[in-house]
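Here is a friendly walk through a protein model for someone meeting it for the first time. Take a look at the structure before reading on.

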Amino acid sequence: LLLEATLLQLASGSHHPFYNGFYYNHIMNDMGNGQDKDYFNGARLVVETSKDPVYSYNGANVTLPCHYRYEPDLGDKRKIRIKWSKLRDDYTKEKDVVVAIGKTYVAFGDFKGRAHIRRTSRHEASLVISDVHLKDDGKYRCEVIDGLEDENDVVDLRLQGIVFPYQPPRGQYRLNFHEAEQVCQDQGAILANFNQLFQAWSEGLDWCNAGWLADGTVQYPIRLPRKPCGGEHLAPGIRSYGPRHRHLHRFDAFCFSSALRGEVFYLDRLAGMTLEEAKQSCQDAGAEIARVGHLYSAWKFLGLDRCSAGWLADGSVRYPVVKPRPNCGPSEPGVRSFGFPSKGRFGVFCYKER
């Protein structure tokens, strides 16, 4: 009896209609009693973004396309609300980017001054991001809200870049998650995400040491299965330790760097330089000593090829080889490392912003 009475009350009471994917026009009635009515107008709101990823790079400007329409077309409508959010890879959390009504918009957080909505056509709601940052990589939701209608679609922004494994001077497996984040930032990079590591693996990255990723998992890419790297019986792929304790567990780091906003160049003296002399030489040239991420990016995107070893900001000595040749290390292209020598005199790689 109680259930029947509740259902009767709901059926007779004033309430909004059940949302079924169609548009309802909310207006006041003409009875003067303050009660509202919802009239179904038979139109459906559709929101569409790019089905393919949108590619960009560090420091560039990028547009994430988004358009909406009504089926059937209703002509000019009242001002709608547009909201862009950045999603986690698992869609469990989002961060506000921009909210707009008409020509008025507000950008949030790190997107202030860098993001706005482009409205060059009647039904456009594209997001423009200027001076793209490394951490802008990811999924974005375009949401259009019109009265009771609320539709959205998701577009993937991917930065063109390079993943490199990193160990600190004190050796292998010394970094907890937060330290891994910091060392990547110190090298002009960020912790890589899984998609970036997978892309690097598909391009040939093979590394047997486990490292932190941006989501707090620990993984490593294997192209050639072997006994010390999970066993010979396993297929090539990304090996995963799953999520690890971010304070207690210690591993290496996989860092991600994108295209440079400047240039990397090499300086040397006949007798070489100590690390401190190398830093001063870069400053004298109007630059700074390059970081590891700078060198990897210059090697990948600018074709930097140098068979001479040079100091980097973290105290390591490395050199980039695009065209392998005798006396320049292994037969594959790559960035060679001499580790962190406590003594010795070398050249230096400097970095200068454009």
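This is a predicted model: local features need pLDDT of at least 70, side-chain atom pairs count only at pLDDT 80 or more; totals for chains, interfaces and linings use all residues.

Residue numbers count from 1 along the chain as its sequence is written.

## Rings that meet

A pair of aromatic rings is described by the distance of the centres and the angle of the planes. In this model the count of aromatic pairs comes to 14. One of them joins Tyr220 and Tyr241, with 6.0 Å from centre to centre and 80 degrees between the planes, which makes the pair edge-to-face. Tyr220 belongs to strand E17 (residues 217-222) and Tyr241 to strand E18 (residues 237-243), so this pair ties together parts that are 21 residues apart in sequence. Tyr220 counts as buried, at 6% relative accessibility, whereas Tyr241 is partly exposed at 37%.

Another edge-to-face pair is made by Tyr319 and Phe338, at 5.7 Å centre to centre and with 75 degrees between the planes. Here Tyr319 lies in strand E23 (residues 317-321), while Phe338 is in the loop between strand E24 (334-337) and strand E25 (347-353), so the pair links parts that are 19 residues apart in sequence. Tyr319 is buried, with a relative accessible area of 7%, and Phe338 is partly exposed, with 47%.

## A cluster, and charges over rings

Ring pairs also build a cluster out of Tyr173, Phe177, Trp212, Tyr220, Tyr241 and Phe251. Phe177 from that cluster has a charged neighbour too: Arg246 lies over its face, 4.3 Å from the ring centre. Elsewhere, the charged end of Arg223 sits over the ring of Trp201, at 5.4 Å from the centre of that ring.

## The two largest pockets

Rolling a probe the size of a water molecule over the atoms shows where empty space is left. The largest pocket has a volume of about 1200 Å³. It is lined by 43 residues, and those closest to its centre are Ile162, Val163, Leu205, Tyr296 and Trp299. The elements that give two or more residues to this lining are E12, strand E13 (149-159), E14, H3, helix H5 (292-301) and E24. E14 gives the most, with 6 residues. By class, the lining has 20 nonpolar, 12 polar and 11 charged residues.

Next comes the second largest pocket, with about 930 Å³ of space. Its lining has 24 residues, and Lys86, Arg88, Lys135, Ala214 and Asp215 lie nearest its centre. At least two lining residues each come from E7, strand E8 (94-101), H2, strand E15 (190-191) and H3, with the largest share, 3 residues, supplied by H2. This lining divides into 8 nonpolar, 4 polar and 12 charged residues.

How many cavities of 30 Å³ or more does the structure hold? There is 1, and about 30 Å³ of space lies in the largest cavity. Its lining is made of Lys86, Lys95, Asp110, Phe111, Lys135 and Asp136. By class that gives 1 nonpolar residue, no polar ones and 5 charged. Lys86 and Lys135 turn up both in this lining and among the residues nearest the centre of the second largest pocket.

## A buried glutamine

Is Gln196 buried or exposed? Gln196, found in helix H3 (residues 194-202), is buried, with a relative accessible area of 8%. Leaving out residues up to four places away in sequence, Gln196 touches Asp137, Val163, Leu191 and Phe256.

Most residues other than glycine have a negative phi, and most peptide bonds are trans. A few spots here go the other way. The peptide bond from Glu71 to Pro72 is cis, with omega near 0 degrees, and Pro72 is found in the loop between strand E6 (66-71) and strand E7 (81-87).

Asp131 is not a glycine, yet has a positive phi of about 50 degrees. Asp131 lies in the loop between strand E11 (126-129) and strand E12 (138-146) and is partly exposed, with a relative accessible area of 28%. Tyr173, a member of the ring cluster, also has a positive phi, near 55 degrees. Tyr173 sits in the loop between strand E14 (161-166) and helix H2 (177-186), and is partly exposed at 28%.

Definitions and conventions:
Side-chain values use heavy atoms; hydrogens and water are left out. Rings of Phe, Tyr and Trp (its six-membered ring) pair if their centres lie within 6.5 Å; planes under 30 degrees apart count as stacked, over 60 as edge-to-face and the rest as tilted. Helices (H or I, at least four residues) and strands (E, at least two) are DSSP runs, numbered from the N terminus. Buried means under 20% relative accessible area, exposed over 50%, partly exposed in between (1.4 Å probe, protein chains only). A charge sits over a ring if NZ of Lys or CZ of Arg is within 6 Å of the ring centre and within 35 degrees of the ring normal. On a 1 Å grid over the protein atoms alone, a cavity is a set of points where a 1.4 Å probe fits but cannot get out, and a pocket is an open set with protein on both sides within 12 Å along at least five of seven lines; lining residues have an atom within 4 Å of a point. Grid points are joined across faces, edges and corners, and a volume is the space filled by probe spheres set on the points. Ala, Val, Leu, Ile, Met, Phe, Trp, Tyr, Cys and Pro count as nonpolar, Asp, Glu, Lys and Arg as charged, and the others, Gly among them, as polar. Contact means heavy atoms within 4.5 Å.
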